[in-house]
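This briefing goes through one structure by topic, from single residues to the chain as a whole. Please keep the sequence and the 3D view open alongside the text.

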Amino acid sequence: MRSIQKAFIQLHLSVLLAGFTGLFGKLITLHEVDIVWYRMMFTAVILIVFAGLPRISLRKLGGLAGVGALLGLHWMLFYGSIKASNISIGVICYALVGFFTAFFEPLVFHRRVRWTEVGFSLLTLAGLICVFSFDARYRYGILIGVASAAVAALYSVFNKKVSVDVRSRTALLYQMAAGLVVVTAIDPIYLHVFPAHDSVLVIPEGSNLWWLLCLSLFCTVGLYILQIQALRRLSAFTVNLSFNLEPCYTILIALLFFGEARELRMSFYIGMLLILTSVSLQTAKSLRDKSSGVPND
């Protein structure tokens, strides 16, 4: 029971760190291609410095490389969604991760779909729609955001599967290295689909370099190591559902540290209540299942 409680603490610490991701993205003035590329590169370097290059089997390496490729692709699509619409649309679309996971996880782990999970994911989606102003005009950005959510769901599900018996730092290192290769390979395609209006592939300096290092150290190394550890005890659905708290944390952090003049209407509090209800119900269900011996995944 203590292990599952520890996993939930690790999970919600990672969600809190994720809440800072959007703020660092706002502070960094580079193109999104550069942000993703340097984020993965700095993360890989930080992990090599602290963990070296641990040896793993070729089979494990292949699995971790594939998962890293999914993560890199997710980040590219997520920023692409924001580029084609706005941050609110991108975050709303990300709420579909729980919905996709409710179907992908049973497929990968060969179990039945749990319709309570589908219901929880729809409840949190309704909450996020209340939190943000949804504008159907951004159809192109919405489509990219939906694709981003689907890839993110696949990342979590396969991450849970391939990271078994691998140290968290080792798993993240090889995921970042593989993701960096994939991002580098698809950069020309991305820039063809989304032409850049600013300089691309520039060397960061000054505040951009500092914020990129913070993004890599805290919101990537810290965040994903905690997430990998949590996934060893919790289902991918529980993890992804809890990450729907991220945009709420982002707004509250922005209000606290940046004093942004965003007017919090009643719909914000209703949305927060729906999201907290969904996450709380799934957390209680996971704890109850664990205490009664029901498998969490």
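Apart from neighbours within four places in sequence, Thr170 has contacts with Pro54 and Ile56. The model is predicted.

**Thr170**
- Thr170 lies in helix α9, which spans residues 168–193.
- The relative accessibility of Thr170 is 7%, and the cut-off for buried is under 20%, so Thr170 counts as buried.
- The contact partners Pro54 and Ile56 are those found once residues within four places of Thr170 in sequence are set aside.

**Thr250**
- Helix α12, residues 246–258, contains Thr250.
- With a relative accessible area of 17%, Thr250 is buried, again because the limit is under 20%.
- When residues up to four places away in sequence are not counted, Thr250 touches Ala18, Gly19 and Leu23.
- Val15 and Thr250 are separated by 235 residues in sequence, while their C-alpha atoms are 10.0 Å apart in space.

**Helices α3 and α4**
- Two packed helices are described by the angle between their axes and by the distance between those axes.
- For helix α3 (residues 32–51) and helix α4 (residues 58–84), the axes come within 10 Å and the crossing angle is roughly 155°.
- Angles over 145 degrees count as roughly antiparallel, and α3 and α4 are therefore roughly antiparallel to each other.
- The two helices, α3 and α4, cross in a right-handed sense.
- On the α3 side, the contact is made by Glu32, Val33, Ile35, Val36, Arg39 and Met40.
- On the α4 side, the contact residues are Gly68, Leu71, Gly72, Trp75, Met76, Tyr79 and Lys83.
- By class, the residues of the contact between α3 and α4 are eight nonpolar, two polar and three charged.

**The chain as a whole**
- The chain has 13 helices and zero strands.
- Its pattern along the sequence is accordingly written α-α-α-α-α-α-α-α-α-α-α-α-α.
- The chain has 297 residues, and 51% of them count as buried.
- Of the contacts between residues at least 6 apart in sequence, 89% join residues at least 24 apart.
- The accessible surface of the chain is about 13900 Å², and carbon and sulfur atoms account for 68% of that surface.

Definitions and conventions. Residues are numbered from 1 along each chain as its sequence is written. This is a predicted model: local features need pLDDT of at least 70, side-chain atom pairs count only at pLDDT 80 or more; totals for chains, interfaces and linings use all residues. Side-chain values use heavy atoms; hydrogens and water are left out. Helices (H or I, at least four residues) and strands (E, at least two) are DSSP runs, numbered from the N terminus. Buried means under 20% relative accessible area, exposed over 50%, partly exposed in between (1.4 Å probe, protein chains only). Contact means heavy atoms within 4.5 Å. Axes are lines fitted to C-alpha atoms, for helices over the stretch in contact, and angles run from 0 to 180 degrees between N-to-C directions. Angles under 35 degrees count as roughly parallel, over 145 as roughly antiparallel, 65 to 115 as roughly perpendicular and the rest as oblique. A crossing is left-handed if the near helix is turned anticlockwise from the far one by less than a right angle, and right-handed if clockwise. Ala, Val, Leu, Ile, Met, Phe, Trp, Tyr, Cys and Pro count as nonpolar, Asp, Glu, Lys and Arg as charged, and the others, Gly among them, as polar. Accessible areas come from the Shrake-Rupley method with a 1.4 Å probe; for residues, only the protein chains shown count as cover.
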